[in-house]
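Here are my notes for someone opening this one for the first time. Have a look at the picture, then go through the points in order.

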Amino acid sequence: MKKFKAESERVLDIMINSIYTHKEIFLRELISNASDAIDKLYYKSLNENLGLSKEDFSIIISVDKENRIFKISDNGIGMTLESLEDNLGIIAKSGSLDFKKTIEKSDDINIIGQFGVGFYSAFMVSDKVEVVSKAYDSTDAYIWTSTGTKGYDIKKTDRETVGTTIILHIKEDSDASDKENYDKFLEEYTIRDLVKKYSDYIKYPIKLELKKAEVSEATTSEDQEKTESEVDEKFETLNSMVPIWKKRKSDITESEYFEFYKSEFHDYKDPVRVIHTQTEGSINYTALLFIPSRAPYNYYGKSFEKGLKLYTDNVMIMEKSKDLIPDFFGFVNGLVDTDITLNISRETVQHNSQLRKIARNLEKKIKTELLDLLEKDREKYEDFYKEFAVQLKYGIYESYGANNELLIDLIMFKSVKNNKYVTLKEYVLDMKEDQQYIYYASGKSVEQIKAQPQAEIVLDGGYDILLLTDDVDEFTLKMIGTYSSDPDKKDAKEFKSISASGDLGINKDDDKKETVADDTDLANFIKEALGDKVSEVRFSTRLKNHPVCLTEVGEISIKMEKVLKSMPNNNDNIKAQVALEINVQHPIYTKLKKLFESDKETLKEYATVICNQARLIEGLSIDSPSELAASVISLLAK
Ligand code: ADP
């Protein structure tokens, strides 16, 4: 017996001991695997002219109640010895580890499909699983057997036809500590229901083998034997096979869309929106798209792959066509079915200009749908936005603003004034008449910004501030440049950080007096004492109650510096230039002036302390805590 790899063993353990109530989804997973296997062979046949037709394929379910056996067979591509090892033995895919981590958090087995471990759900209902398979183009067949976590065996076996049969030995009800009713999976009516519920749209017929022992009124044991040996075997097709996207919109209920989405795209939450469009014109296509309500577990990771399924005339030719969806809408799931004659080679598909046209149309549709959601169901939109905000904002940034038109009205920031999300349009429409800029501040929370010295004058003036929380935010605003709610871009407003040095467009007269001429020597002295910790020292009137603050000189903010330095490429030379601003209305100013006349050594210690205070207020770290401590102690001892 071969042992499963450690991770596989743990995944299996979770499956076997799962107390999850929806064990029925094992059937959905196995049917979906069977259908994929048929797709692969059919696709190969089209590509290599093997002469197989769609009618040749089917998935057959049969049960033997007495022996508690549930079989599901397909005549798809099958598995070789190696693929049995790779696919069912190792779970070498990174998916299994992610699955384990996620399941430990969410306890929802329904997400298994996402992780490429769907096959293992068979162990939720069986205490032994056998897989008999013969791969296309191969002469040998193999049987894979496992009773769970201990391991598995693979042996040569006989099988005439190409394809795979999964044989489940269904658990006994009495064995179940979880009180699960396993018997029901051997009942025809349960199977009918489950196929209808989860797999109705599967393109190939899912046939149930009916075994109706027509028990006649036979009385003799001889007659009885005869009747049982003449068991009447029939097949009943359980699924309608009409792909949901080929049905008329008016014939599809919302819950049908949702069920389809969840089973096909392995999500356990309903999507926030469904887009179903049938377009006829220069290009004919049907698209069925789903905007999810939450990001998949790996969405912001490297293993995430965006893409829409691509069908031509009902045949899936690509699992994830990347060209059909831009990165910034990469969270959208769905499919496109088109009748354009695509040469069925994946390479050509990628460069097809007609597909690009479809993609452009879909982008616009998604935008319209999201704007509609924003307008009609704000709460739902905000929930969606929280999941994908970074992606949408990044979309603006990475395209150097080329996608502004598609994305700008979809992004939102928290308003510091109201602690609620606002769009840029809403911010601008709410601006005061004399307001020159769209103010923003980087921070963790509204409270943090409110406590910032720089915010006081802005908020007191009645101006709102946008709260920037994500790393990408400031870069995005820089890319946007200016915003106008007017379609002709009249009266566009610039963005302004409340920490920017210089004119904030508030209290203009006072600003002019910012640096008092007499104070130049004092400012220079403090600057000298601080060295390169600050690029400038100013006396300002922008502060009300706070003694000091740091402001940003130039294009790179302190937050941007942090972000750039955390990136892998060499950004070490990047440094935000900051100015130390001292409030001329604060008693500290008078004190500094006095010290400049009488005690320059003490003034140096003051400089260290106030500069570090300003850093602390900003939430920044202190470069040299020992230097600060020495200065404070020395001042206290005086
Ligand atoms: P996933 O289907 O998400 O990749 P599974 O654990 O369900 O993950 O299956 C693992 C792999 O085993 C599949 O990717 C496929 O290559 C193979 N496989 C499973 N069932 C079949 C089948 N009926 N016919 C052929 N290959 C199969």
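1. Let's start on the surface. Tyr-300, Val-390 and Tyr-394 make up a nonpolar patch with about 270 Å² of accessible area together. Such patches take residues with over 30% relative accessible area and no salt bridge, joining nonpolar side chains (Val, Leu, Ile, Met, Phe, Trp, Tyr) within 5 Å and like charges within 9 Å; areas come from the Shrake-Rupley method with a 1.4 Å probe, and for residues only the protein chains shown count as cover. Val-390 sits in helix α10 (residues 378-398) and is partly exposed at 31% relative accessibility. (Buried is under 20% relative accessible area, exposed is over 50%, and partly exposed is in between.)

2. Some housekeeping. This is a predicted model, where local features need pLDDT of at least 70 and side-chain atom pairs count only at pLDDT 80 or more, while totals for chains, interfaces and linings use all residues. Residues are numbered from 1 along each chain as its sequence is written, and side-chain values use heavy atoms, with hydrogens and water left out.

3. Next, a helix check. Helices (H or I, at least four residues) and strands (E, at least two) are DSSP runs numbered from the N terminus. The expected span of a helix is 1.5 Å times one less than its number of residues. Helix α2 (residues 25-48) has 24 residues and should span 34 Å, which agrees with the 35 Å between its end C-alpha atoms. After α2 comes Asn-49, with a positive phi near 50 degrees.

4. Now a hairpin: five residues join β9 to β10. Strand β9 (residues 273-279) and strand β10 (residues 285-291) are antiparallel partners over seven bridges, and pairing here takes at least two DSSP bridges between strands. Opposite Phe-290 in β10 you'll find Val-274.

5. There is also an open sheet of six strands with mixed pairing, in the order β15-β14-β17-β16-β19-β18. Its edges are β15 (421-423) and β18 (482-483), each pairing on one side only. Inside the sheet, β16 runs parallel to strand β17 (residues 465-468) over four bridges, with Ala-441 opposite Leu-467 in β17.

6. How many salt bridges does a search of the whole structure find? The count is 37, where each needs a side-chain nitrogen of Lys or Arg within 4 Å of a carboxyl oxygen of Asp or Glu. One of them joins Lys-197 and Glu-24 (2.9 Å, N to O). Lys-197 lies in helix α5 (residues 188-199) and Glu-24 in the loop between α1 (6-16) and α2, so this pair ties together parts 173 residues apart in sequence. Lys-197 is partly exposed at 41%, whereas Glu-24 is buried at 15% relative accessibility.

7. Two other pairs deserve a look. Arg-294 and Asp-267 meet at 3.0 Å, N to O, and both are buried. Lys-559 bridges to Asp-471, with the closest N and O atoms 3.8 Å apart. Because Lys-559 is in helix α18 (residues 558-566) and Asp-471 in the loop between β17 and α15 (473-480), that pair ties together parts 88 residues apart in sequence. There is a network too, linking Arg-273, Glu-369, Asp-372 and Lys-376 by salt bridges.

8. Last, the cysteines. The whole structure has zero disulfides, a disulfide being a pair of cysteine sulfur atoms within 2.5 Å. Cys-549 is buried, with a relative accessible area of 1%, and Cys-611 is buried at 4%.

How values were computed: Buried means under 20% relative accessible area, exposed over 50%, partly exposed in between (1.4 Å probe, protein chains only).
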